[in-house]
Amino acid sequence: VIGDGGMVWALQSRGYSSSRFTTEATVEFSHAVLELHREFAHNGAEVLQACNFWAPGLKEETVDGVSLNDAACSLVLQVASEVSASVLVAGGVTKTIEYHDGKGKEAVQTEFKRQLDFYVDNNFDFVVAELAFVSSTLTRWWMRAG
């Protein structure tokens, strides 16, 4: 399976970064995000991943997280429907701050469920866990719970 990749880097290199969260481009520069999804698809990507970021403790400076994630889902689904019925759509699950804030197992599970429900509601094909962030949170949570 060949996936897209480098969305954030490509947006930054093209000058589409308005603050510390490049994923805000999904709202502010949707035309650029659509074009990158199309480029990835036309260059052989079999999976397109929404350009979003879940960080409830890091509020985006110019757009709220719900608007950002709604836009990211809409854009990637639009391109997938344009290019091929065989293109899969994925969303990314990112770290939660609930564990680090000491909110406990249930709070961490609730946040991961909230992220996953968003993709289920949008009929995504699968989810990609951002290993560097998610695995460290889950590993500490499981070790602590056991």
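1. Buried residues (under 20% relative accessible area with a 1.4 Å probe, protein chains only; exposed is over 50%, partly exposed in between) account for 41% of the 146 residues in the protein chain. Bear in mind that this is a predicted model, where local features need pLDDT of at least 70 and side-chain atom pairs count only at pLDDT 80 or more, while totals for chains, interfaces and linings use all residues. Numbering starts from 1 along each chain as its sequence is written, and side-chain values use heavy atoms, with hydrogens and water left out.

2. On the overall layout: the protein chain has 6 helices and 3 strands, in the sequence pattern α-α-α-β-α-β-α-β-α. Both kinds of element are DSSP runs numbered from the N terminus, helices being H or I with at least four residues and strands E with at least two.

3. The sheet is open, its 3 strands pairing in parallel in the order 1-2-3. Strand 1 (47–49) and strand 3 (126–129) sit at the edges with a single partner strand each, so one side of each has no neighbour in the sheet. From one strand to the next, the twist averages 40 degrees.

4. Now the pairings, which require at least two DSSP bridges between two strands. Strand 1 is joined to strand 2 (residues 88–93) by 3 bridges, and Leu 48 stands opposite Val 89 in strand 2. Strand 2 and strand 3 pair over 4 bridges, also parallel, with Gly 92 opposite Val 128 in strand 3.

5. What about the helices on the sheet? Helix 5 (residues 105–121) lies across strand 2 and strand 3, at about 165 degrees to strand 2; angles run from 0 to 180 degrees between N-to-C directions, with axes fitted to C-alpha atoms, for helices over the stretch in contact (heavy atoms within 4.5 Å). Strand 2, helix 5 and strand 3 form a right-handed β-α-β unit: with the strands pointing away from the viewer, the path from the first strand over the helix to the second runs clockwise.
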